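This report covers domains, strand pairing, helix packing and the chain contact. The sequence and structure come first.

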Amino acid sequence: MNIIIKNGRVIDPQNGIDEIRDIYVKDGFFANLDDLNGSKELSFFDAGGMIITPGLVDLHVHFRDPGLTHKEDIETGSKAAARGGYTTVCPMPNTIPVVDNKETVELVRSKETEFVELAVVGALSKGENGQELADYSGMMEAKGGICALSDDGKTLMDYSLMLEASKRAKNYDLFITDHAENHDTNIGGVINEGEVSRKLGLVGIKNSVESDIVERDVKIAKETGCHMHIQHISAKESVELIRKAKCDGLPITAEVTPHHIALTEEAVLIHGSNAKMNPPLRTENDRQAIIEALKDGTIEYIATDHAPHSEEEKAQKIEKAPFGIVGLETAFAVCYTTLVKTGYISLAELVNLMSVNPAKLLNINTSISIGNVANFAIFNIQDKYVINSQEFVSKGKNTPFNGMEIYGKTMLTVNRGNITYKAGAFLM
Amino acid sequence: MELKGRHLLEPLNFSVAEMDDIFELAERIIKNPKNYAEVCKGQLLATLFYEPSTRTRFSFEAAMLRLGGQVIGFSEPNSSAVAKGESIADTIRTVACYADIAVMRHPKEGSAIIASKYSDIPVVNAGDGGHQHPTQTLTDLLTIKLEKGSFENTTVGLCGDLKFGRTVHSLIRALLRYKGVKFVLISPEELKIPEYVREEMKRAGADFEEILDLKAALPNLDVLYMTRVQRERFFNEADYIRLKDTYILDKAKLSHAKESLMILHPLPRVNEISTDVDSDPRATYFRQAKNGMFVRMALIMKLLGIE
């Protein structure tokens, strides 16, 4: 199918473009108007008043497939990604079985859909057990390979084993994407340690639970030169450590989630277990430190940590409910409303954080240039809408953003020239 | 089974009987090197070193030259050629057109196995990442056999970094195939033997103990295999400084050991064996390096089907 998009405001920082332009897609690629002469099937959209961005790229999602498909599967997760404007996502390896060998990488890959491309993350240690390193060469050999290594929420705690893993990762040009949580000092924490945890009588999680491991990973980056990427940064101390490490020229980067950008621990009082995730929502001080870090380039990526759970699982008491919230279908709108609408950063900077920078990390090119693969999304930033989690295509409805009035609704997503999502109200 | 045309990719690729065959030939070569000075005349060994390892490469090249053969190869990684798995396949296919046997060292685990799948000539793995280094294991076994006569009723101490030392893991697994070997595993808490090696020892019903102190272990040992405890393995430098002297072998500690002890080390050594030990007759590590060449001579002959 060929596509014409008229009157949209194209935000393409790689080409230095922020202007009203028409876009043409032919046979999966960005094309010129003349290339469309004689097209039989042609879709036409008027994107007047809307913005067009390169396809979003999410470095951190949990698709729960194989093994936990009551929470999500690769098809529903991929549809949710498309509904959020994403064209590439990185599914994490904490499935059952864990993605720690060639066969499981290929199993995940075999389930890839037209809705979104998967850049698979493999486990650092076998079964994420922290005892023995996984088969990196086997996973690299798998069809499509892997893009990075992680032990997810388990965190590979053993320092010397992590060091060895980073040396091997460097040999394979893989980066390590690390969930920074000191499991030695976090004993059963539920939410941020602070006013809210005291009020609710819940065990808290200190900022140092995160920053201890960030400090360790900085040291590992220095020792081995392996690119260490810190997942979902939440604490101001971690931000400071990363800022300093980057100043020292170390190969260290960090991502932040939309919820850590938009919310604080106060959200737990309203949303209960739908505001429970790990790392937890922190204080306004931490949130401001994160926004500052997004502005000055200390944090280069926004990633959702899309973590679907069933309603029954999340309906348990907050102490028992699993950590994590969904994020794919609200990420752009939450970030646009929190960061751009308020004037903290520009639209182009947001596109860098959600598309250009993560794409570069994965060695993919998302720029809107003639001849490139047509991956893009269209968002309505003019009209308010209300988030309704029951409309999510993800199996997970667990979000603290339900009912929020917000700007930046996804209108259309195109992956490899195919329309993977179209808002009902968007007329052809 | 004949060894001719086979690959050596992992330390346990060959049976005990096949390894004994290699050792027996190595012993004959040691006794009468002249008899073997021309046996590989007209044969070509290719050394494919994707990362530098001068010691290992010299040992293979010297082995082939002492058998009267010739050597070609590269020893500097060409980063553009290393990048993808495919290029290993193509390199080995091409090399197989010219050479009769290939030795390969590569920074990525499993590389030698990939190469062997595309090779018509025997491939010897000379180290792949943190993975396998089978000719080191052959060297270690030959040295113990030569000096002790047999492996039975031997107490073997392994000291230092037992967590990552691939030579240590391979040696343990190889020794488990012989009866009556007792293991004493000496390492700091942080660098203890991995669980899967421990499980393997349990399954084999081996007698082993894990202790933290080298000095305390020394009096009972027949063989001491030393490895280096690296500073970088420790998160806190303080831990390293506190521990490091515990795992350094010097003359004072050696005074607690048996007169018949043999001290092995895969080399290169940094400071884990103090140089004042070198002149002690129990210091076997340089003889061990020499045995490395002899065992490679025997291996090359067997894989080429000479003899």
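This is a predicted model: local features need pLDDT of at least 70, side-chain atom pairs count only at pLDDT 80 or more; totals for chains, interfaces and linings use all residues.

Val10(A) stands opposite Ile52(A) of β5(A). In general, strands of a sheet pair through backbone hydrogen bonds, in either a parallel or an antiparallel manner.

## Domains of chain A

Chain A is divided into two parts: domain 1 takes in 2–52 + 371–422, and domain 2 takes in 56–361. The C-alpha centres of domain 1 and domain 2 of chain A are 26 Å apart. Their contact involves 30 residues from domain 1 of chain A and 41 residues from domain 2 of chain A.

Which elements give two or more residues to the side of domain 1 of chain A that touches domain 2 of chain A? They are β17, β18 (405–415) and β19 (418–422) of chain A. The largest share of that side, seven residues, is supplied by β18(A). By class, the residues on the side of domain 1 of chain A that touches domain 2 of chain A are 14 nonpolar, 12 polar and four charged.

## A three-stranded sheet

Three strands of chain A form an open sheet in the order β6-β7-β8, with parallel pairing. Its edge strands are β6 (56–61) and β8 (117–118) of chain A, each of which pairs on one side only.

β6(A) and strand β7 (residues 86–91) of chain A run parallel and are joined by four bridges. Asp58(A) faces Val89(A), which belongs to β7(A).

## Helices α12 and α13 of chain A

Helix α12 (residues 331–340) and helix α13 (residues 347–361) of chain A have axes that come within 11 Å and cross at roughly 140°. α12(A) and α13(A) are therefore oblique to each other, and α12(A) passes α13(A) in a right-handed crossing.

From α12(A), the contact uses Phe332(A), Cys335(A), Tyr336(A), Leu339(A) and Val340(A); from α13(A), it uses Leu347(A), Leu350(A) and Met354(A). The residues of the contact of α12(A) with α13(A) comprise eight nonpolar, no polar and no charged.

## Helices α1 and α6 of chain B

In chain B, helix α1 (residues 16–31) and helix α6 (residues 134–148) have axes that come within 11 Å and cross at roughly 65°. The crossing of α1(B) and α6(B) is right-handed.

Met19(B), Ile22(B), Phe23(B) and Ala26(B) of α1(B) meet Leu138(B), Leu141(B), Leu142(B) and Lys145(B) of α6(B). The contact of α1(B) with α6(B) has seven nonpolar residues, no polar residues and one charged residue.

## Contact between the chains

How many residues of chain B are in contact with chain A? There are 17 residues of chain B in contact with 16 residues of chain A. On the side of chain B that touches chain A, six residues are nonpolar, four are polar and seven are charged.

Definitions and conventions:
Residues are numbered from 1 along each chain as its sequence is written. Chains are lettered from A and ligands numbered from 1 in the order in which they are written. Two strands pair if DSSP finds at least two bridges between them. Axes are lines fitted to C-alpha atoms, for helices over the stretch in contact, and angles run from 0 to 180 degrees between N-to-C directions. A crossing is left-handed if the near helix is turned anticlockwise from the far one by less than a right angle, and right-handed if clockwise. Two residues are in contact if their C-beta atoms, placed from the backbone, lie within 7 Å. Ala, Val, Leu, Ile, Met, Phe, Trp, Tyr, Cys and Pro count as nonpolar, Asp, Glu, Lys and Arg as charged, and the others, Gly among them, as polar. Domain bounds come from an automatic or database domain assignment. Angles under 35 degrees count as roughly parallel, over 145 as roughly antiparallel, 65 to 115 as roughly perpendicular and the rest as oblique.
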